[in-house]
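Subject: The structure you asked about

Hi,

Here is the structure I promised to pass on. Have a look at it first, and then read on for what turned up.

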Amino acid sequence: MRLIPLLRWLFPLVLPLFISAQLQAEDTVDKSKQLETEFRQTVKPFLESFCLDCHGEVDPEAKLDLSGYDSLADVTKSHQTWKEILDRVTANEMPPEEFSPQPTNAQRESITKWVRSVREHESTRNAGDPGPVLVRRLNNAEYNYTIRDLTGVDVRPTQTFPVDPANEAGFDNSGESLTMSPALMGKYLEAARMVAEHMVLTPSDFRLASHPVVTETDRDKYCVNRIVDFYANQPTNLADYFFVCWQNSVDAQKTELIELAKQSELSVRYTQLVWKTLHAEPAFGPLRVLQERFHRIPADATPKVARRHCDRMRDYVQNIRPKLSKTFENLKIADVHKGSQSLVLWKNEQYAANRRRFDPEQLIPPDREKPKGTPPELVLPEDADKHQQFIASVEEFCSVFPDAFYISERGRDYLGVPKEKQEKGRLLSAGFHSMMGYFRDDAPLCELILDEHQHAELDRLWQELDFITFAPRRQYLGFLWFERTDSRFMRDPEFDFARAENKNAASTEMIESLSKLYLAKAGKPGGDPVALKAIADYFRNIDRQIQWVETTRETAEPAHRKTLLEFAADAWRRELTPAEKEQIVAFYETLRETDGLDHVNAMRDSVVSILMSPHFLYRTDLISIGEGHRELTNFELANRLSFFLWSSAPDEELRSSSRNLNDAPTLRWQFRRMLQDERIAGLSTEFMTNWLDIRRFEEHNSVDRNRFPQFTDELRQAMFEEPVYFFTDLLNNDGSILELLNARHTFVNPVLAKHYGMTKNMSASAPSWQRIDQADAYGRGGLLGMSVFLTKNSPGLRTSPVKRGYWVARRLLGENIPPPPPNVPDLPEDETKLGELSLRDVLARHRDHESCAGCHKRFDSLGLAFEGFGPIGEKREIDLGGRPVETSGEFPGGVNGTGLDGVRDYITQHRQAEFVDNFCRKLLAYALGRQLLLTDEPLLADMKQRLHANDYRISSIIEAIVTSQQFRTKRGRQYFLKDD
């Protein structure tokens with residue numbers, strides 16, 4: 001009974017809306033009928049009278065066939081073509097003047113008015129339509145970027161893939177062009193296997209190395225380099241600590257010593273120890289010398305002068321410290337090779353335990369004859385009562401300044417060769433002969449420099465070395481081999497059971513059995529107790545290390561399977577369903593139980609299966625289901641946003657289910673965050689370089705390197721990266737898109753700076769890529785002065801005003817210029833062989849061809865303005881034929897200009913609107929992954945209005961795109977399949 005009163009209340013409110021909707025629908029039908037009628041009565045006759053003779057079905061000019069347009073629907077399907085017709089008819093370029101008869105102004109106006117009406121009608125009828133966006137595979141670049149972000153390593157597995165075809169808008173990110181063939185599927189399988197070969201299992205998870213880690217050598221390289229890099233990154237330069245202590249002594253601001261250490265990225269606790277040591281009571285021996293040198297640094301010294309003093313203090317310590325270090329002789333056991341692992345390791349341990357100690361025997365009593373060159377500070381004082389103080393001072397000196405913080409390479413010390421003459425490059429080696437084995441020697445670093453977190457990280461790296469490389473087992477098997485070959489000790493029959501090829505040789509039982517026999521034989525002749533203990537320790541320690549690896553690898557398998565599921569969720573860019581988790585685990589177990597694979601290979605094949613899944617290879621977020629339009633889910637919107645801005649998968653921040661991306665403020669916050677992320681370089685590379693048609697420039701080989709030897713691979717790469725750095729900076733700083741045209745700055749690295757003559761502007765202390773302001777003084781700044789465009793549009797032995805001008809008109813201004821007709825004579829390939837004619841003269845003759853003049857007048861003069869740049873973008877005043885270059889001319893529209901500045905001013909003052917419109921269209925087409933529709937025109941108008949209102953800042957149009965209905969919605973399958 002309550003329903004009737006409710007309907008009575010709602011009816012007056014709903015009825016006007018219903019009537020309005022009906023009237024709008026009727027208006028739309030009436031307008032369509034009107035336009036259809038006008039097409040038959042006005043447009044069709046115009047085409048027949050003035051267009052079809054040149055643009056008919058047989059051999060149409062510029063490959064434009066207008067004979068097939070029989071209805072309004074035909075026109076709306078080809079709205080881009082009719083936009084070009086509109087522009088050409090409006091500009092009185094079509095029909096050409098040579099054509100007779102010419103349409104009247106009224107006829108021209110009727111056609112242009114009709115085309116504009118069609119565009120307006122179609123654009124507003126379904127404004128905001130998300131359009132048909134096909135499900136597609138990842139393109140090559142997206143695959144590479146996604147693997148990089150998924151694994152943390154930039155392995156670029158698609159380097160051997162065929163080039164992805166571009167769509168009509170010039171981008172390779174649409175379903176129309178990204179098909180999948182059986183051959184390409186095979187390439188993806190190879191890529192997945194290559195990625196899986198980088199997999200490294202650790203005690204707690206798995207990760208990917210920057211190189212394959214299938215072989216033992218590869219795994220050793222991975223683990224050893226990480227430890228060596230860790231060591232190299234630690235602040236162990238004593239001069240840095242001395243300098244900070246001096247700064248604290250003279251600092252007028254009285255900055256805390258701790259703060260100074262942090263600012264200099266030094267160890268705080270070691271800085272405090274060095275400060276305390278330098279300011280302690282006057283000491284004896286080397287420490288006294290060091291204190292005196294420190295206090296002699298003038299308080300008013302410049303930092304540069306003070307640093308030189310500190311460098312000399314460091315050099316003093318490094319020179320005097322080895323003279324105080326202990327030395328150890330080789331242990332000896334009858335018939336045991338002096339390079340046996342147990343004896344070598346004992347010697348290593350002695351040195352490692354004494355890094356902060358000294359040998360009192362190195363101090364010279366005052367009554368003993370001093371060896372030549374003995375530093376006086378190593379001579380004990382004549383007053384015997386001070387000997388203990390002297391020794392204590394030397395002990396402190398050696399404790400604070402160890403003879404080494406760590407040992408990253410070690411030769412075969414047991415041979416008695418001085419350390420400076422031992423083999424180099426044996427990283428972390430234990431110093432064995434013909435055997436692998438690593439030895440950790442970094443106690444001073446841990447005790448003096450590292451904090452608790454860093455110490456734990458270093459411990460983990462060493463544990464992972466044993467775990468990943470099976471180092472203890474391999475070392476022990478090397479011991480068995482060595483003792484039966486280079487050494488004679490284990491050649492007796494009783495040792496025959498202990499062979500490296502025995503699969504149980506490294507078991508605890510076998511090691512204990514060998515230990516007893518080995519010690520029994522070593523002790524028969526009354527062996528040295530120290531050596532016997534070293535042997536016993538060796539067997540006990542190596543067994544403990546081997547068993548730790550074996551046990552840890554077994555207990556780590558559940559953690560690896562858990563990480564596999566996390567990897568799959570990251571790879572598939574969403575949370576897994578319970579069924580998917582079960583399938584992944586079941587596949588792994590089948591590999592183990594049915595196929596007989598070990599854990600490592602089963603994990604590797606499981607990674608391959610995850611990367612071969614459609615959930616990884618395809619943009620499944622683009623799948624259309626249901627009817628009509630609907631909002632994207634968080635998962636879908638996160639993927640669309642991420643692949644637009646990063647060309648890669650969304651990060652955890654985007655994927656988090658706690659955030660509602662469809663909330664406009666959240667979406668704005670996210671895209672602004674993403675603009676500041678280093679991954680925004682993906683937008684710079686994939687949008688910018690495809691738009692500018694330089695995406696493949698890294699492989700550009702048209703330059704004659706005999707004529708231009710300065711065009712190296714490094715210069716080519718730098719040329720390609722210049723616009724990427726420029727655009728990334730624009731995105732990071734929310735710059736104006738007009739900077740692409742009129743900026744007076746650019747970005748260069750040393751190679752490109754040399755090419756541009758900017759080396760004096762480069763800062764030696766700054767990163768390799770630097771921003772150079774006032775680059776216009778060198779003829780650079782913005783896109784127009786970049787060598788990549790100038791070189792790309794040159795044949796190799798000359799410049800090409802045609803290609804350069806066409807590039808400006810087509811790529812920057814968005815003009816639709818048809819390809820050249822057949823049988824047009826080519827220009828000479830070599831600029832030196834033009835004879836008396838300049839390239840300008842040759843082009844003038846070229847334009848005498850009636851079929852060429854119409855197009856060439858639209859861009860030749862723009863290209864000639866760049867004649868001040870040679871075939872590889874080098875500045876020049878004389879061309880390759882020895883003629884002075886001319887860069888002035890009359891641009892389209894009757895505007896005169898000279899050189900790059902002339903082109904820049906011409907576009908800014910007369911054609912800026914075209915540039916802005918073209919940029920918006922290209923960015924929107926790239927963002928949506930499809931060609932533009934008439935229904936996108938209102939959004940384009942909004943983008944341009946926002947640019948104008950926000951000083952042309954690029955964030956304003958990115959925001960317009962990502963908050964638009966086209967970006968945030970999708971078509972359902974049934975609507976998707978309708979005729980567009």
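A word on burial before anything else: a residue is called buried under 20% relative accessible area, exposed over 50%, and partly exposed in between, using a 1.4 Å probe and protein chains only. Arginine 904 is buried on that scale, with a relative accessible area of 1%.

Two notes on how to read the rest. This is a predicted model, so local features need pLDDT of at least 70 and side-chain atom pairs count only at pLDDT 80 or more, while totals for chains, interfaces and linings use all residues. Residues are numbered from 1 along each chain as its sequence is written, and side-chain values use heavy atoms, with hydrogens and water left out.

Salt bridges

Side chains of opposite charge can pair when their charged atoms come close. A salt bridge here is a side-chain nitrogen of Lys or Arg within 4 Å of a carboxyl oxygen of Asp or Glu, and the whole structure has 60 of them.

Back to arginine 904: its partner is aspartate 901, with the closest N and O atoms 2.7 Å apart. Both sit in helix α35 (residues 899-910), and because they are 3 residues apart there, about one helical turn separates them.

Another pair is arginine 679 with aspartate 651, at 3.4 Å from N to O. Arginine 679 is in the loop between α25 (664-676) and α26 (681-691) and aspartate 651 in the loop between α23 and α24 (652-655), so this bridge ties together parts that are 28 residues apart in sequence. Aspartate 651 is buried, at 13% relative accessibility.

Then there is arginine 156 with aspartate 154, at 3.2 Å from N to O. Arginine 156 is partly exposed at 42%, and aspartate 154 is partly exposed too, at 44%. There is also a network of salt bridges, which links Asp205, Arg207, Arg226, Arg460 and Glu464.

Cavities

How many cavities of 30 Å³ or more are there? The count comes to 8. A cavity is a set of points, on a 1 Å grid over the protein atoms alone, where a 1.4 Å probe fits but cannot get out; lining residues have an atom within 4 Å of a point. Grid points are joined across faces, edges and corners, and a volume is the space filled by probe spheres set on the points.

The largest cavity holds about 110 Å³. It is lined by 13 residues, and the closest to its centre are Arg136, Asn173, Arg619, Tyr926 and Ala927. Helices α23 (634-645) and α36 (912-928) are the elements that give two or more residues to this lining. By class the lining has 7 nonpolar, 2 polar and 4 charged residues, where Ala, Val, Leu, Ile, Met, Phe, Trp, Tyr, Cys and Pro count as nonpolar, Asp, Glu, Lys and Arg as charged, and the others, Gly among them, as polar.

The second largest cavity has a volume of about 60 Å³. Its lining has 11 residues, with Val133, Ser624, Arg640, Lys970 and Arg971 nearest the centre. Strand β8 (residues 969-971) gives the most to that lining, with 3 residues.

Most residues other than glycine have a negative phi. Which way does glutamate 265 go, positive or negative? Its phi is positive, near 60 degrees. Glutamate 265 is in the loop between α9 (257-263) and α10 (268-278), and at 67% relative accessibility it is exposed. Phenylalanine 470 has a positive phi as well, near 55 degrees. Phenylalanine 470 lies in the loop between α16 and α17 (471-484) and is partly exposed, at 25%.

For a sense of scale, glutamine 454 and alanine 106 are 348 residues apart along the chain, and their C-alpha atoms are separated by 82 Å. Glutamine 454 is in helix α16 (residues 452-469).

That's the handover. Over to you!

Notes
On a 1 Å grid over the protein atoms alone, a cavity is a set of points where a 1.4 Å probe fits but cannot get out, and a pocket is an open set with protein on both sides within 12 Å along at least five of seven lines; lining residues have an atom within 4 Å of a point. Helices (H or I, at least four residues) and strands (E, at least two) are DSSP runs, numbered from the N terminus.
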